[in-house]
Amino acid sequence: MNRNGPKQETAAGEQVSAAHLTPTVITPGGGWQALNLAELWRFRELLYFLIWRDVKVRYKQTVLGAAWALIQPAMMTFALWFGLGKMARVPGADDPLFIYSGILPWTFFATALASAGNSVVNSERLVTKVYFPRLAVPLAAVGAAVVDFMIASVLLVAMMLPRGIVPGVGLLVVPVVFVLLGVAAAGVGVLLSALMVAYRDFRYVVPFLVQFWLFATLTVYTPLSRLELSPWILSVNPMCGLIASFRAGLLNEPIPWALLGASSASFVLLFVIGCFYFRRVEDSFADIV
Amino acid sequence: MSEATPAIVVENLSKRYRISQGVAAYRTLRESLSNLAMWPLRRLGRLRSGGDGQVQDFWALKDLNLRIDTGEVVGVIGRNGAGKSTLLKILSRITRPTTGRAILNGRVGSLLEVGTGFHPELSGRENIYLNGAILGMSRREIAAKFDQIVQFAEIEQFLDTPVKRYSSGMYVRLAFAVAAHLEPEILLVDEVLAVGDASFQRRCLGKMSQVSRQGRTILFVSHNMGAITRLCRRAIWLDRGQVRQSGDAETVVASYLRSGAEQAGEVMFHDNGQKAPGSEYIRLEAIRVRGSDGVVTATLDVRRPFTLEVQYRILRRTSNLRVGVRLMAHDGTVLLSSTDMDQNEDLVREPGVYVSRCTVPGELLNYGQYFVSVGCDFPMVRTHFAVDQGLAFQIEQTGGAGGHISDGRGGVLRMSLPWTVQRIES
């Protein structure tokens, strides 16, 4: 057809634009690599669209839609309040606001962790057919969980208002703790998502881990003051510190700084390890997923 | 000088896949843990036996060297497993090479599948944005081209319908439309034109040649030789992970089609010991396919008749012996069975070497791969041999009914049927 068409004339113009691009060099790679943050930044719009897709799709074809984001933590709160607070008479657990202010950040963490962990295997088609920084997949899963958190926060505010609780300066800690929760979920989620590609066993590990971790996070359903445990023991599970700090900042209670510091350090470290491990194995994703 | 800038340079590129016998590519934790525990033992074992045995290496690409200049439109052809898709996957950075390197000058867009990342629950409009972002377009770029994309796909009325309600034609049109408006300097395309209706395919090809006239470099993998010769000036023929031939598209395609002769087209059964199938009456010696020119080949022209041959040695005088072939489509569907007893009922065979052959008419089978099984028996009494799928051959897209439109029409048969068009009302 036109395969002998005039190409030379227009080719020159294209080359000008090609010339100032650095060439892409594809090599075997392998081993530990630096995180390519610049590239991740260039693909930030893709990250945005992946989050947007997850949010749009999540509650399609459900009758209650986004209300599910609220129903889940509300029901959990009810179950813990009734079971632990009323029946087992665990001190402090008979206050729904107390429970909800722990369940809310926990639910965000658990949702983000589980969906990030499953994300790469679930995006098999994408991973085997197109190139983009693979880290965008688990990170987008965490991003989508933020929206659920926002919806569920409405109930928290609704519970706080009638009690006349006015947060103090401690409220400034809440966004910081929230970011740390995101870092925590992303760190563990990224690590699990990479492991799941190579070992499908982790499909079963994730729900178990989330459930087990909830029970191990004592501060979700017990006041920190009632736990006669040293901060050293408590910081074995860094989630204890994050949940306790989130609640303290919100309800105008003293913030357990030492615990928060230890938790943050653990999770930041875990996040860095997770990302580097992910980078190390991501090149093989398309071959084995 | 500017003409000398290569768009793609590939140097000694190799890709190894590890194929473990009967084991999925991904491992289970248990295996890895037990492997870890067994490691010292296996080391000892390996020292003794000198090999693992379990894992086999498969080189999808082996020391491949290529140079593609800016603005070239190059077709990549080759049989399944020749390394075409692996090459595209490495160039589009989906997977890494095992050794060697590739240098790409310019923004790369790859189209290995139509509709990558399409979400069935999302509307056409939403999927245009999502798919565009996945293919590497910015939001601004997509917004600027949005109307063009919708127009090209012809889906204006269904823009806000979830794509799961689209017909497959609409789906493909939309997916290609997004991809076609991607403006990379280097476009890698894998067999995406095998879908869609004829008029849309023509428009896709038109769009692609338009893109190439704008000075873009295109690497186009296809089994559709018609599309390759129409679209590409140069073709590269990959064979077992290496470049077998590179040059003028017409020449390379022609020799690729001719090469079928060297690719099997014949299976010999050597009678060393008891290995050749048969009995005390008969031994199978060979199965062959011959093209219309009498040359043994595994690659046939859709328009020409071809011959299936069974060669065997009669060891004892027999009567009532039946030699037959069974033709199967690539998915194993039996298309027909035919035997040499259909026409010669009372044949007596003295000892010696015989050939039973039958001719399959041209313009009958569609493009694709076919298998031949052969068998020999005393009908209802005894089977002497049965070789399932003993031979494979390929019918190539060289023309025939509707051949001027490269539309990959479905079906096993591709006969030219007598059509009439009549006006019955005005």
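Let's start with strand β11 of chain B, residues 282–290: nine of its nine residues are buried, so this strand is largely enclosed by the rest of the structure. Keep in mind that the model is a predicted one.

What sits on either side of β11(B)? On one side is strand β10(B), residues 266–268, which pairs with β11(B) in the antiparallel sense over three bridges. If you want to find that pairing on screen, look for E266(B), which stands opposite R288(B) of β11(B). Strand β13(B), residues 306–314, is the other partner, and it runs antiparallel to β11(B) with eight bridges joining the two. Two places to look along that pairing are I287(B), which stands opposite V310(B) in β13(B), and A286(B), which stands opposite Q311(B) in β13(B).

Now step back to the whole sheet. It is an open sheet of four strands in chain B, in the order β10-β11-β13-β18, and the pairing is antiparallel. The edges are held by β10(B) and β18(B), the latter covering residues 352–360; each has a single partner strand, so one side of each is left without a neighbour in the sheet. From one strand to the next, the twist averages 15°.

Chain B has another strand worth a visit. Strand β3(B), residues 73–77, is mostly covered, with five of its five residues buried. V73(B), G75(B) and I77(B) point one way from the strand, V74(B) and V76(B) point the other way, and all are buried. Which strands does β3(B) pair with, and in which sense? One is β7(B), residues 217–221, paired in the parallel sense over four bridges; here G75(B) stands opposite F220(B). Another is β8(B), residues 234–239, also paired with β3(B) in the parallel sense over four bridges. In β8(B), I236(B) is the bridge partner of V76(B).

Take the contacts in chain B between residues at least 6 apart in sequence, and 71% of them join residues at least 24 apart.

Over to chain A, where we'll follow some helices. Helix α5(A), residues 96–122, has 27 residues and reaches 36 Å from its first C-alpha to its last, close to the 39 Å expected at 1.5 Å a residue.

The crossing of α4(A) and α5(A) is right-handed. To see where they touch, pick out Q72(A), P73(A), M76(A), T77(A), L80(A) and W81(A) in α4(A), which meet P96(A), I99(A), Y100(A), I103(A), L104(A) and T107(A) in α5(A).

Helix α4(A) also crosses α7(A), residues 136–160. In this pair the axes come within 8 Å and cross at roughly 60°, so α4(A) and α7(A) are oblique to each other. Their crossing is right-handed. The contact is made by A69(A), L70(A), P73(A) and A74(A) of α4(A), together with D148(A), I151(A), A152(A), V154(A) and L155(A) of α7(A).

Buried residues in α12(A) include L259(A), L260(A), F267(A), F271(A) and F278(A). And what covers them? The cover over the buried residues of α12(A) includes α8 (173–198), α10 (231–234), α11 (238–250) and α13 (285–288) of chain A.

Last stop: S230(A), in the loop between α9 (202–216) and α10 of chain A. Is S230(A) buried or exposed? It has 8 C-beta neighbours inside 10 Å, so S230(A) counts as exposed. From N118(A), S230(A) is 112 residues away in sequence and 35 Å away in space, C-alpha to C-alpha.

Key. Residues numbered from 1 in each chain as written. Chains lettered and ligands numbered in written order. Predicted model: local features only at pLDDT ≥ 70, side-chain atom pairs only at ≥ 80, totals over all residues. Expected span 1.5 Å × (residues − 1). Buried ≥ 20, exposed ≤ 12 C-beta atoms within 10 Å, placed from the backbone. Pairing = 2+ DSSP bridges. Axes fitted to C-alpha atoms, helices over the stretch in contact; angles between N-to-C directions. Contact = placed C-beta atoms within 7 Å. Left-handed = near helix turned anticlockwise from the far one by under 90°. Parallel < 35°, antiparallel > 145°, perpendicular 65-115°, else oblique.
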